[in-house]
Each structure stands twice: as structure tokens, then as C-alpha cells.
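User: I have a two-chain model open and want to go through the interface. Can you take my questions as they come?

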Amino acid sequence: MLRSDRHVGFLLRANLKQNLKYSLVWIVILEMMVASGAFKMQTIMESTGKGVQDLLNMLRMPGMAGLFGAMPKGVALNSATVFAGVMMVFMVILDALYVMPLMVKNTRGQEESGLLEMVRARTVGRTAAVAAALCELVIVNVILFVLYVGTIVSLNLKGADFNGTFLFTLALIAANLMFGVFTLLIAQLASTARGANMIAYTVLGAAYLVRTVTDIENTDWTWLSPIGWAQKTNAYSDNNYWPVLLMFGVTLLLAAAAWQLAKSRDLGTGILPERAGRARAAGYLRSIPALLFRTTWGVVLGWLIGAVVAGGIFGGVLNSVGDILKTNPLYRQMMSVTQVNAANKTMVLSFLALYILLFVAFGVVAGAQVVFRLKEDEDKGYLGVIHATKQTRQTISLSYYLIGLAVSLVVFVVGILMVYYTGNASLKDPLAAEYLTRMLVAGLPAVFALVSLATLLVGWVPRLSAVFWVYMGIGLLVQMFGSLLNLPKDSGKFSPFGWLNQAPLHAVQTPWLSAMIIITVVFLILGVIGYRQRDVA
Amino acid sequence: MATNIIELNHVKKNFGRTQALKDVTFNLPAGQVLGFLGPNGAGKSTTIRILLGMLKRDGGDATVFGEDPWHNDLAIHPRISYVPGDVYLWPNLSGGEIIDLLLRLNGQDHNAKTDALMQEFEFDPKKKARTYSKGNRQKVALIAALSQDAELYIFDEPTSGLDPLNELTFQQEVLKLKKAGKTVLLSSHILSEVEKMCDAIVIIREGKIIEQGNLAQLQHLSRLRIQVQTDKPLSALQKQPGVYDWHESDAHTQADFAVDHDALAAVLAALTPLGVVDLQSTPPTLEDLFLHYYSDQGVSHHAAQ
Ligand SMILES: Nc1ncnc2c1ncn2[C@@H]1O[C@H](COP(=O)(O)OP(=O)(O)OP(=O)(O)O)[C@@H](O)[C@H]1O
Ligand SMILES: [Mg+2]
């Protein structure tokens, strides 16, 4: 009898081989993150200096709770509990960023490139792609599990028992399986790989945002976010196994759904039926920028909605962030009202100085994606016919670059405006317009500098687009985590994230501002020149 | 002499270590339809991309309309209409939108010709490109290219996905272009198509032009196929220089073989004393020509000439 999942092994082997490099790089990065995180916590927590107190104070601030997750209440803070509290959310996100594109690539991506059609014709079963992707997901998670447990055990954190380590890692793996299988399901529903990736990232981002708000406002509500489930295991303290069971249960349900869809769906189609298009092009569709607008507006709109929502949420929590008395009621006796207000304002501004980095990253990702589409569209062969028209390479490349910059501008500015205005609506003591200006003046050039780096790469060495994401990711992480991890003060200065001078707490310094503007202009021009002198497809 | 629309002189192109083009030299005079033939991977598409200024050549000279295509692509592109070998389209746009867009990007617009072509090719412009079959994607590029008013039309394997009926429509359209005095460069693997439409052909193999000329000239260059029946045994003829591909009957009085044009006289002289009963010769078809030139044997034979 023919089974619908026959030849899974064959597909799995081919996929593993195909994804080897990608997986190796990610696994090394993830392993290094866990190792360096644990090691750093250990060095700070187990030293006798004032670093311990600084770290603990910092972790109690709402801004940090929003970023990394709230420390469980009434728990003895030692290397192990602090490690689990700081790393859980962060590692869930990073793990998911690894497996989500992998799952899409192995299913919808292969379908799109026609690879699956070729394979499937060789009597490979209907659900074989999903099954093979599932197997790969399990395999990489087993590898990660072993590596994580090994690392944590060998570092011998103070306060870490094996039960806690086992649970911490199990929660990570369970969450990763859940997000991986969720992506598999989305890949069956969406009609393109690009769309599937976007939806998966959006859901991940939403899950993060929800738990950011609830961790700041009221940790009981954190159960609302799937990422929160992993946090609620409280490894090394309560050691609660129920959330793990919950995640495994959801994973099974999602996997069954993905399986069922793959079995009943036509190859190469999504679940939504294809609507008929226009017989004639709209009047505006007569230039490269118009074409780009026509093909990207959906995604850009998605980013904008994301910026509005995220901005609204961060603005909305500003009031709780600024309530220093909530953090430490002892202050009530020590401080006068004006002192309390000043301290509140400083807390709000430091919170903004941290979160502006996220908005910069948000704008950069939105814009750089458009820029990198120049390479993607070329690889997909869409530009072959365009290059033969009277549109020059200059027009074509500049269109992608400038629209990328414009998208990043709009996404960043809208996000910051939302933070500022919803923040002021909630704050008892609204922020002066000066702080808004500071955020925009510092943040926008940083966004532009990074996006223009993308244009430089696309123009000259399009193969290196991965380098851009790694550079940006590390720049963001070092700047955000630097103070927590006790890194030297200037260690974030290797990327524009470090050049903002903690705006809006301080204004950006003129030399850095000029540097960012010059970089933008020079890289943009070089990007165009590069695209003019290299072969195109 | 007519002016040359395309001139290529010792053009070279390397991709890393692979030498895609080693020595490409040919001209395309105005008003001619030139067939560009060669085995897979010979360098046809690469040559075409150089002519369109998409690839930078590593040596030699190339001009299109007298301009360097790499530096002056802006000057030549409005005068060219191009159909790529593999057509990939933005999945979210409909075929109709893409056709209009391509025309507009060249400063033209949807016209009566566009509608007529859509009818002839039985093309549904409303479908999203994602849902088009290979042939339908090809039609999008063909309709856009054919309804554009240009001086030079470049087709890279334009009919590779088309059914015979649409292929015929395409051939009729090219003949119309020919009548209108347009210049056409047509890369193709379909020999009947080339035989019907082209004034001249150029054959490329492993990055080198190995033959060019009009069909009659080329047929002359290659071997004749001979079937002969004699009274006396004719096996000795097999050893004669210029005779290839020998098949003989069991009685050794019938044979079927190929002979070089220049060896024909000697072979006939050798046949006469044997008492010829029957003799037929067939001119080489383009197919023979192809097999002749595409195989390694063809090249060594050609080099020996
Ligand atoms: N971008 C590229 N990078 C590396 N090698 C390439 C590239 N483009 C073409 N080649 C190589 O150059 C050679 C010529 O390729 P080309 O596409 O011109 O062949 P072709 O004659 O059009 O073949 P076909 O009939 O299959 O279309 C091939 O060996 C091919 O592998
Ligand atoms: Mg080709």
C-alpha cells in the first residue's frame, strides 16, 4: 500500500544537507549566546563587587522587565534564577528566528521553486515535505537540548540544580517546537514563502509585545502570550512543569492541523483561492518606483500597522514605567514630590533610550528588506525583462534604495510619534517636545546609516546580505545588553545603535550625527555605482 | 552593403573560472532575421545579455546600433524589444498589468496591436502571474515584446513553452516583422522554426562561433547522404577519404553513407566502374547540420577543413 509520507527519509537527508551551513551557523550562535549569557551572569553574580547590586537594581526596573521578562516574585536571586529570568525570553526568540525560516524553506519555499514538484513526481508522498520538516525540527531541537544542558551543567552556576536546568532547557525546546510547528502550519496556509515568513515573524513579535506589556503591568496576564508560558516555568525556583505540558499539547494540535492541510491541499496553492486580477494596469503603474509600490505596499502596510501598535503599546506603559514608587515604595519616605517627579522622568527617559533601539531596528528591517529585494528580484529573474527596457541600472537601483530609505523613515517616525503621543496621554507629567526631537534627530540618521549599508552591499557584493543581518543583530544586542552584561561602556560603538548617545536621555553628539549623515550619502552613492558596474541577471 | 545593427568582435566572457564565451564574432545586418543556434550551455543567452548591456564583457568589441551596449544601454534599449529565455513574473501582478507596465517602461502604451496579439495567442490577461503556466508566462513576454514598436527584436528561445498552435502564431508574427524590415535575432532549438524564418544562421559551440552563413551555404559545407546500389561489391569504397557513416547490405552491393562535398567527385569516380544500378542523394537537413556541428566530430571535421 502506498502511504502519503513515503520517502520522508530521502527528503530529510536532502534537506539536512541543503540546510547544513545555515543550521551550523545558527547553532553555533545560539550555543554561544547561552554559554556567554550563563558565564556573564556567573561572573557578575558571584563576584563581591557592587556589580551584583547594580544588576539586581537594573533587573527590578520595569523597562528591563519589559525587555527580558519579569523576575518571578519572592525568589532568591542567585546566578541560576537571574540567568533563567534574563535568558528565557531572549533565547525563545532567537531559537524561533532560527527555525521559522527553516520550516518555511523546507515546505512552501521548495514548493515555490518547483523543487517539490520534481521530488513529488518521484513517488514521494503528499505529506512527506511536512513530515521531513518536522523530523528536522525535532533533530535540531534535540541537538540544541543536549548542547544547552551540557553548557549550563558544565558552567556549574550557583543555585543551579539539574532539575532546574532540565526544565529551563525543556521549556526552551518546547517553545521552539511550538513556534516551529506553528510556522509549518502557516506555510501550508499562506500562498508564498515570503508571506509565510512575514506572518510567522509577526506572530512572534506580537507574542513578545504582549508579554512585554504584561510583564510591566501585571505578570499574571503574561499567560496570554505563548512566550510567557516558557517564562512561567520559573526554572530553578518553582520548577513548574505544567507550562511545558501545555506547550507540547499545543504543538501536537498544530502539527496535526499542518498534517491534515498538507494531505488535502493542492501542491503550489494556498488555502485562500486566487482572485482574478486586473486586465489592464492602473494608470499610475508606469515607472520602477510605481512597480515597487505595487508589489510591496502590502508588506509596508504591515510594517506600519506594526509600528503603530508597538508604538501605542510602549507609549501606553510609560506611565507604569515612570512610577518609581511602584518599583520601590521606600522612596516615598526619602524623596520630596519634585524629587519623585524628576526621578520618574529620568526613568521614563532611560526606558525610551532603551526602546528607541527596537524602533530603529524595526525601521531598518522594514527598509533593508526593500533594498535587498533588488537582489531577490534579480535572483528570481523578475528583472530580466526590466533591464532590457529603457530604464537604466541607475534608475532601477535608486528606486529600490530610496524606497527602502523612505519605508524605514516612515516606519521609524510613525513608531516614535506613537510612543510619544500615547505616552504623553498616559503620563501625569508629559514629556516636552524637545525629547521627541531628540529621538527623531538621533534615531533617523542611525536608521538611514544602516539601510544605506544595505544599499552598499547590494550594489557591490549582494551575496553578503547575511553579513548585514548579523552585523545589525549583534550591534543591537550589544547596545541593549551591554550595561546588563557589564560590557565596557563603548562596546556598542561599532554600529549606529551605539551612536545615539542614549537619546532622548541625552542629545546625540554632533560628530556622530555628521558621521551618520555622511555615511548615508556616501554608501547610497557607492551602492548606485556598484550596481552600475556589476553584471546583472 | 547594409549597415550592421549588431557587431560582435572576439567577445569574451568569464564567470569566475568558467569561460562562457571564448571568441564570439558575428554581425547582424539591418533587416535580417538571424538564427542563433547552439547546444545547451554554448553561450547563446550570455551573448544576448552582453548585447543588452546586462553583462560586462571581458574582452573584444560589441556594438548595437553603433553604440557600446555596456556604457550606452540607455541609448539602445528603447530601440530593442526582448523576450528572455526563462520568463519569471511578479507573482502578485496579473499578466495584463505586466504587459502594460513593460510597454510603459519603454515609453510606449497598450495599443491595438496588444489586444490583437492577446486574441491571437488566446491569452487571459486577468490571471495572477503566480497561476500562469510556463507557456502563458512566455506569452506575457511575447505579447509585450511584439506589440512594442522597435527596430531590433531579440528572442531567446521564445517558443520553448508554447504549444504548436501558438508556435505558429509566433512564427507568423516574426514573418510580419521581417516584411516590415525589422531586424531579428532569434535563438532557438527548434530547427523547423529557424528553417522557415531565418535568412542566415550562426552556430555557437562552447563559447565559440563555429559556423555562420545562410542555409544554402551551410548545407553546401556539410555532407551529402548517398544511397547507392551497384552490380559489383562496393565494400572497398568504405576506405575512401571523405566517406563516413557507412552501412552496407549483406550482399555488399547496396550501401548508405555520408560523403563530404569535396570528396564527392572522387567517390563517384570510384563508383562508376562498379556498375551503378541506382543512386540517390539527399541534401542535409538542418537537423543533420545540427548533429554535424553539435557533436565533437563536427568540430574536428570543421577544423580539418
Ligand atoms: N551567471 C552565471 N554564472 C556562472 N556561469 C554562468 C552564468 N551564466 C551562464 N553561465 C555559464 O555560461 C555558459 C553559457 O551559458 P548560456 O546560458 O549562455 O547558455 P545557452 O547557450 O543559452 O544554453 P541554453 O540553450 O541551455 O539556454 C554555461 O556553461 C553556463 O553554465
Ligand atoms: Mg539560454
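User: How many residues of chain A are in contact with chain B?
Analyst: 40 residues of chain A, and they touch 37 residues of chain B. Keep in mind that this is a predicted model.

User: What area is buried between the two chains?
Analyst: About 3600 Å² between chain A and chain B. Carbon and sulfur atoms give 58% of that.

User: Which residues in chain A lose the most area to chain B?
Analyst: Tyr382(A), Val385(A) and Lys390(A). Together they make up 17% of what the chain A side buries.

User: And salt bridges, how many across the interface?
Analyst: The rule finds 5 between chain A and chain B. One of them joins the side chains of Arg280(A) and Asp100(B), with N to O at 2.8 Å.

User: How many residue pairs are in polar contact?
Analyst: 17 between chain A and chain B, counting pairs with both residues at pLDDT 80 or more.

User: Which elements of chain A give two or more residues to that side?
Analyst: Three helices of chain A: H12 (288–322), H16 (384–387) and H20 (510–533).

User: Switching to chain B. Into which domains is it divided?
Analyst: Domain 1 covers 4–219 and domain 2 covers 224–283.

User: How far apart are the C-alpha centres of those two?
Analyst: In chain B, the centres of domain 1 and domain 2 lie 43 Å apart.

Notes. Residues are numbered from 1 along each chain as its sequence is written. Chains are lettered from A and ligands numbered from 1 in the order in which they are written. This is a predicted model: local features need pLDDT of at least 70, side-chain atom pairs count only at pLDDT 80 or more; totals for chains, interfaces and linings use all residues. Side-chain values use heavy atoms; hydrogens and water are left out. Contact means heavy atoms within 4.5 Å. Buried area is the accessible area (1.4 Å probe) that two parts lose on being put together, summed over both. A salt bridge is a side-chain nitrogen of Lys or Arg within 4 Å of a carboxyl oxygen of Asp or Glu. A polar contact is a pair of N or O atoms within 3.5 Å; within protein, one must be able to donate a hydrogen and the other to accept it, and residues adjacent in sequence count only if both atoms are side-chain atoms. Helices (H or I, at least four residues) and strands (E, at least two) are DSSP runs, numbered from the N terminus. Domain bounds come from an automatic or database domain assignment.
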